[in-house]
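Subject: Structure handover

Hello,

Please find the structure below, followed by notes on what was found in it.

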Amino acid sequence: MTTHPLHEETLDPADWQAFSAIAHQALQDALDYLQTVRTRPTWQPLPDEARERLATSIPYEPTPFADVYEQAQRDILPYPTGNIHPRFWGWVMGTGTADGLVADLMASAMNAHLGGYNQSASFVEHQVIDWFAHLFGYDTRASGLFVSGGTTANITGVLVGRQAKAGFDVRTEGLAQHPPMTIYGSSETHSWVAKCCDILGLGQSGFRSIPINDAYQIDVEALTTAIERDRAAGLHPICVIGNAGTVNTGAIDPMDRLADLCEQKDLWLHVDGALGGLAVLSDQFEPQLKGIDRADSIAFDLHKWGYLQYEIGCVLVKDGVQHTDAFNAQADYLEPNGRGIQPSTLEFAQMGIQLSRGFRALRAWMAVKTHGIDKLRRLIEQNVRQVQYLAKLVQNHERLELLAPAPMNVACFRYIAPGLETAALNTINREILLRIQESGIAVPSSTIIGDAFAIRVAHTNHRTRQADFDLLIESILQIGDSIVAEA
Ligand SMILES: *Cc1c(COP(=O)(O)O)cnc(C)c1O
């Protein structure tokens, strides 16, 4: 072997065989980690020793990969948020899958650029988008894009709607010379909408928070009045947001009525299905979701009820031309050449904010192929049944109270004790929640329903068994009783 006079370097391993041994071990460790997840606490804090070992000065010099891996294994791997655990139901988090792990390994090896390009990965992303567009009831005019998550998917959908309904070219003119635009959604709409109004230049006051009915759905009469009042005042209503599963309680807004109203008033209908949109897979939700296919755009999250690893959300737009109208951009260095790797415009870059994008679609493709949509549907229905079971446990116990209807995969409830007012109960329930989380038994999260602090279970976990909810309820009662006894 001759040594190169230039001493050129690369980041590839100097010894592939040695590297391979560690890499194989890492794969085995990852699989073991998944297989044994039930035996560990749902969550445990990062210990001080690990924190101290991680807090080093900038590493200018190399460390052998084996040592780096060993530290990651010791100080990082054991202390995640915990959402892979069968008793994690906090916020709305996905569980992840073993096939997703392999997909990510392959995607990382390919390191494909999904701006577009003539490559297998582009074909796969189009294919999976087509499947989901079809499942949501869209036809072949539809387009879509995998994005980082629900927030990005929702903002992308509303942004397409802004360009489509502005009546002028927002992209060239900007908003300054025009009447302020407004968008509408129920008071239960997720907080992404504040970021959205902010980013789109409407200002957060551009969001009209519409009251809800007893089922936590948008009050369509109040919505109609608000739109008419704003129009009369010279404002420019452009978009209504329908919730397919609100984050607080899982309520589904009446899609058909919203679609009728938007047609009548020439507004964009965007559906936020980040939490519950995938319920379209189940016939059980057909009545509630009827009309969702009339929405102009739909956002949903595969890293929530699609059970996949982060990050993967999706935006679908009913009319693909409107979608690219909101994002297409020209540049000499991106001009298509008819043949070769870039025969046409970079189609994914023309549908969203990102130019450089990763191959997250592989994770979705592998999961859908491996398990089949029918299995995903059965798991979604299983989660709903399990939440109904939990709601029954709550309703059947005198020291527990269900705080809102649980129509889907979310249940909000609290511990109650005789003679205690809301303020005292709020303090007790917050303490119960924290002790449950810190014990490692389970991770629910919280919200406020009316003025009551609620323990909130949002269930998008494919590992949970019914007995896990028995344990949750037992633990809540036990902790609640001991807090009351301490006082
Ligand atoms: C989670 C959620 C979002 C935000 O999605 P991310 O993937 O966390 O960005 C938006 N809307 C609803 C209803 C959600 O539950």
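Trp 16, Phe 19 and Phe 65 make up one aromatic cluster. Rings of Phe, Tyr and Trp (for Trp, its six-membered ring) pair if their centres lie within 6.5 Å; planes under 30 degrees apart are called stacked, over 60 edge-to-face, and the rest tilted. This is a predicted model, in which local features need pLDDT of at least 70 and side-chain atom pairs count only at pLDDT 80 or more, while totals for chains, interfaces and linings use all residues. Residues are numbered from 1 along each chain as its sequence is written, and side-chain values use heavy atoms, with hydrogens and water left out.

The structure holds 6 aromatic pairs. One of them joins Phe 132 and Phe 300, which are tilted, with 5.3 Å from centre to centre and 45 degrees between the planes. Phe 132 belongs to helix 5 (residues 120–135) and Phe 300 to strand 6 (residues 297–301), so this pair ties together parts that are 168 residues apart in sequence. Helices (H or I, at least four residues) and strands (E, at least two) are DSSP runs, numbered from the N terminus. Phe 132 and Phe 300 are both buried; buried means under 20% relative accessible area, exposed over 50%, and partly exposed in between, with a 1.4 Å probe and protein chains only.

Strand 6 leads on to strand 7 (residues 313–317), as the two pair in the antiparallel sense over 5 bridges. Two strands pair if DSSP finds at least two bridges between them. Ile 298 stands opposite Leu 316 of strand 7. Strand 7 also pairs with strand 1 (residues 143–147), again antiparallel and over 5 bridges, and here Ser 143 has Val 317 as its bridge partner.

Next is an open sheet of 4 antiparallel strands, in the order 8-9-11-10. Strand 8 (400–402) and strand 10 (445–449) are at the edges with a single partner strand each, so one side of each has no neighbour in the sheet. Strand 10 is joined to strand 11 (residues 452–458) by 5 bridges, and Ser 445 is the bridge partner of Arg 456. Helix 14 (residues 373–395) packs on this sheet and touches strand 8, strand 9 (410–415) and strand 11. Contact means heavy atoms within 4.5 Å.

Leaving aside neighbours within four places in sequence, its contacts include Val 247, Leu 275, Val 387 and Arg 456. Val 410 and Val 92 are 318 residues apart in sequence, with 9.3 Å between their C-alpha atoms.

Last, the largest pocket is lined by 31 residues, and Ala 30, Tyr 33, Leu 34, Leu 77 and Leu 101 lie nearest its centre. On a 1 Å grid over the protein atoms alone, a pocket is an open set of points where a 1.4 Å probe fits, with protein on both sides within 12 Å along at least five of seven lines; lining residues have an atom within 4 Å of a point. Helix 1 (16–35), helix 3 (65–76) and helix 4 (98–110) are the elements that give two or more residues to the lining. Helix 1 gives the largest share, 8 residues.

Regards

Note on methods. Axes fitted to C-alpha atoms, helices over the stretch in contact; angles between N-to-C directions.
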